[in-house]
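The stops below are given in the order in which to select them.

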2 protein chains.
Amino acid sequence: MKIINRLSAKDPNFKLDLAKLLNIDTQQNNQITIAVSKILSDIKEKGDLSLLEYTNKYDRLNIKSVDLLEIQKIKWKEAFDNLKLEQRSNLEKAAERIKQYHQKQIMNSWSYKDEYDNILGQRISPLEKVGLYVPGGKAAYPSSVMMNAIPAKVAGVNELIMVSPATNGIINSLVLSAAFLSNVDRLFTIGGAQAIAALTYGTNLIPAVDKIVGPGNSYVAEAKRQVFGKVGIDMIAGPSEILIICDGKTPIEWIVMDLFSQAEHDELAQSILLCPDIQYLNKIEAKIKELLPNMPRKEIIASSLYNRGLLILVENLEQACNISNFIAPEHLEISTEFPNELMKFIKHAGSIFLGKFSSESLGDYCAGPNHVLPTSRTSRFSSPLGVYDFQKRSSFINVSPNGANELGKIANSLAQEEGLQAHALSAHYRINY
Amino acid sequence: MKIINRLSAKDPNFKLDLAKLLNIDTQQNNQITIAVSKILSDIKEKGDLSLLEYTNKYDRLNIKSVDLLEIQKIKWKEAFDNLKLEQRSNLEKAAERIKQYHQKQIMNSWSYKDEYDNILGQRISPLEKVGLYVPGGKAAYPSSVMMNAIPAKVAGVNELIMVSPATNGIINSLVLSAAFLSNVDRLFTIGGAQAIAALTYGTNLIPAVDKIVGPGNSYVAEAKRQVFGKVGIDMIAGPSEILIICDGKTPIEWIVMDLFSQAEHDELAQSILLCPDIQYLNKIEAKIKELLPNMPRKEIIASSLYNRGLLILVENLEQACNISNFIAPEHLEISTEFPNELMKFIKHAGSIFLGKFSSESLGDYCAGPNHVLPTSRTSRFSSPLGVYDFQKRSSFINVSPNGANELGKIANSLAQEEGLQAHALSAHYRINY
């Protein structure tokens with residue numbers, strides 16, 4: 001009985017078969033588009049009144065005053081103070097490592113003087129106000145709060161505003177603790193498209209922000225798509241993926257559990273293993289069958305592996321790298337003896353895990369790098385979430401009288417040729433002043 | 001007779017009046033959306049056949065074979081070699097200065113070892129294939145080719161593919177020369193949504209790219225919006241804007257021409273001047289009336305200034321900075337005696353021009369910084385086009401056996417709390433191995 005898909009790179013139909021398994025139908029749902037558009041315009045027009053209505057409706061609440069949607073910091077501190085010692089220490093260690101890694105991403109302003117005494121430079125400054133969306137309910141992950149909030153605060157964001165729905169009035173205390181530990185500034189229990197709208201347009205209660213980050217359901221994703229341009233957004237994430245290149249020497253159950261750890265996210269998540277050793281692949285398949293029944297999330301894992309999971313027999317490890325470059329995975333584990341040798345061949349990957357001890361799960365929580373990564377082949381052109389997503393650059397020039405002579409001549413002439421006479425004159429006036 | 005709008009920051013209705021003048025109706029045109037969507041799916045399905053059909057139709061051509069849509073490099077070199085000596089020298093000087101500035105933006109990979117001998121790092125690599133859209137006809141600007149192509153090549157992009165429609169068979173020789181000088185790799189005479197589609201999906205003739213940059217008309221902008229996610233795109237630019245803060249000591253006609261140089265781009269372009277000296281503002285208005293009739297593009301300038309141009313009387317220069325921060329302009333000229341003192345108050349601006357000699361026109365062509373800048377208040381969260389737009393980052397970790405013990409405990413515990421048992425086990429297996 002099939003439990004996971006298998007392909008051989010030697011097969012003449014390999015490329016076609018692979019493309020079919022990679023493909024997911026991401027057709028936009030028209031109903032969601034229309035519903036979200038209505039919510040956005042309601043909040044834009046009616047502000048807090050509409051926000052309270054939608055929140056009571058969708059989060060099954062009966063709140064009378066909109067002010068009650070803000071949770072004061074004292075409450076998060078309480079949640080944090082009430083943690084068990086070990087919980088607290090784990091969160092603190094993870095936060096510290098994430099902070100340490102991201103501090104290395106800070107960009108600095110620079111400037112230089114050219115041969116005409118013109119000063120040219122680039123000024124780096126933090127975004128002023130950022131909104132952080134955190135899903136409620138089952139998918140309330142403290143790690144996700146830290147991975148989004150810490151880089152924002154390392155960048156120097158002045159006001160970091162977290163929103164998370166308190167569906168049925170419930171808020172996860174680890175999420176509150178993570179918000180406290182990550183120095184979030186304000187927290188509102190709102191969610192869905194109405195939260196994205198409130199952060200974009202602002203209401204009396206909710207401040208308008210410059211950028212919104214964080215994962216969410218299909219309504220949240222569509223709302224982010226619709227407000228993009230009015231505010232900045234992070235990428236809209238697709239299903240999570242892992243691709244493992246293995247030389248067949250890593251303990252079988254380690255690799256199986258790495259495949260499971262991706263598959264357990266949701267049924268569309270994708271786990272792929274590439275190996276040149278068919279015996280090893282056979283053992284992997286057998287071990288999947290053996291371990292799967294014991295997994296609490298076995299239904300999700302089974303469905304993900306059956307529909308989208310994939311073991312590929314490759315001719316050698318270099319071929320594995322080429323296939324990986326085509327897939328451009330979100331997470332890439334190079335579980336081999338000399339992983340650095342193979343990394344040279346890798347062109348596209350969100351995050352790379354080198355050697356058998358580097359499981360994705362360590363990266364997801366506490367190694368240091370960000371776990372918000374480009375999915376669906378977008379690592380070809382985009383990057384993990386980082387401090388640079390919360391900083392912006394302005395160029396500046398201070399032209400000297402001498403510089404105005406030199407640059408003025410060039411600009412005057414090029415502008416004439418482009419038929420932009422005011423540009424030309426504006427440069428010309430400043431020559432020989 | 002009104003020639004430009006005037007406001008005073010003291011006026012009780014100031015904020016409302018300002019907001020009205022800043023606002024532009026950017027409602028999406030449904031017909032364009034549908035037409036573009038049809039073009040995209042045609043090219044995706046039928047490739048070169050469809051590309052040739054659309055190109056012949058929209059560019060008024062009668063080309064028989066799709067291969068003829070590629071212009072060989074020898075032709076661009078010819079165009080470059082045929083330039084007048086002064087033209088060539090101006091282009092070369094501009095290119096050299098742009099290159100020098102952008103080289104300072106190159107990001108470098110880094111890594112470090114932590115206290116458990118884990119290696120953590122960030123790898124920087126160039127995008128592999130990039131498409132550059134260059135408008136044809138009147139708006140064919142060699143400066144725009146250089147501003148997009150040079151940062152891509154400084155970043156190390158392997159294959160830079162330029163597309164530009166040869167409407168009625170005409171290609172601007174300065175555009176060809178700029179492509180040659182900027183080391184573009186291949187050039188195709190295609191345009192519109194069909195060019196964006198070809199670059200996204202690839203055809204037999206046109207390589208599929210990872211990211212598409214460059215300005216275009218409303219069809220091109222809509223096509224970029226629709227393919228976003230499948231490929232990367234730069235920002236979709238709104239009308240161009242300048243905001244000038246002046247202390248009233250810059251020669252009147254310099255400032256007038258700076259306002260004109262923005263207004264001459266198109267009727268939606270916006271020119272704003274802030275000054276605490278009402279006499280100076282009066283003189284500016286008089287000088288506008290005097291100089292406008294002599295400008296070759298006077299109709300466009302007049303319409304832009306009448307509908308969107310704005311002189312604002314402020315109480316002092318610090319207030320001017322606060323208003324500027326609300327507007328978050330694309331171009332900001334601080335035309336004062338001590339511009340650095342004021343720059344400290346500036347939070348948002350794409351590019352800052354300091355002192356009276358620093359006209360925007362010098363920056364547009366040859367000062368060095370990029371002229372592709374965030375418009376429509378997006379400088380609150382985005383940045384000038386730069387080398388960083390053509391590089392991507394991958395994080396990597398190489399966990400040591402000792403590190404796996406330490407990190408494994410934290411990850412195991414946090415994953416348990418998030419209800420992700422496969423994540424927990426995957427970390428747990430690697431403890432004490």
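Start with Ser240(A), in the loop between strand 9 (232-233) and strand 10 (241-246) of chain A. Helices (H or I, at least four residues) and strands (E, at least two) are DSSP runs, numbered from the N terminus. This is a predicted model, in which local features need pLDDT of at least 70 and side-chain atom pairs count only at pLDDT 80 or more, while totals for chains, interfaces and linings use all residues. Residues are numbered from 1 along each chain as its sequence is written, chains are lettered from A and ligands numbered from 1 in the order in which they are written, and side-chain values use heavy atoms, with hydrogens and water left out.

Ser240(A) has 13% relative accessibility and therefore counts as buried. Buried means under 20% relative accessible area, exposed over 50%, and partly exposed in between (1.4 Å probe, protein chains only). Show what surrounds Ser240(A): beyond four places in sequence, its contacts are Gln262(A), His265(A), Ala269(A), Gln270(A), Glu330(A) and His331(A). Contact here means heavy atoms within 4.5 Å.

Which side chain makes a polar contact with the side chain of Ser240(A)? Select Gln262(A); the two side chains are paired at 2.5 Å. A polar contact is a pair of N or O atoms within 3.5 Å; within protein, one must be able to donate a hydrogen and the other to accept it, and residues adjacent in sequence count only if both atoms are side-chain atoms.

Gln262(A) sits in helix 10 (residues 252-263) of chain A and is buried, at 0% relative accessibility. Apart from neighbours within four places in sequence, Gln262(A) is in contact with residues including Glu241(A), Ile242(A), Ser271(A), His331(A) and Glu360(A).

Go on to His265(A), in the loop between helix 10 and strand 11 (270-275) of chain A. Is His265(A) buried or partly exposed? At 27% relative accessibility, it counts as partly exposed. Display chain B as well: His265(A) touches Leu420(B) and His423(B), along with Ser240(A), Arg297(A) and Ile300(A), not counting residues up to four places away in sequence.

Keep His423(B) displayed and select Asp364(A), which has His423(B) among its contacts beyond four places in sequence. Asp364(A) lies in helix 15 (residues 360-365) of chain A and is buried, with 8% relative accessibility.

Now select the record's positions together. An unreviewed UniProt entry places the feature "binding site" at Ser240(A), Gln262(A), His265(A), His331(A), Asp364(A), Glu418(A) and His423(A). These positions spread over 184 residues of sequence and up to 55.7 Å between C-alpha atoms. UniProt positions are given in the numbering used here, feature names are shortened, and annotations may be inferred rather than shown by experiment.

Colour chain A by domain: domain 1 (5-26 + 238-367), domain 2 (30-233) and domain 3 (399-429). The bounds come from an automatic or database domain assignment. Between the C-alpha centres of domain 2 and domain 3 of chain A there are 45 Å.

Next, select helix 4 (residues 73-81) of chain A, where Trp76(A), Ala79(A) and Phe80(A) are buried. Look down the axis of helix 4: its buried residues fall within an arc of 100°, so they line one face. The arc is that of the directions from the helix axis to the C-beta atoms. Their cover includes strand 2 (70-71), helix 5 (85-103), helix 7 (173-181) and strand 7 (186-188) of chain A.

Finish at Asn405(A), in helix 16 (residues 401-417) of chain A, which is buried at 17% relative accessibility.
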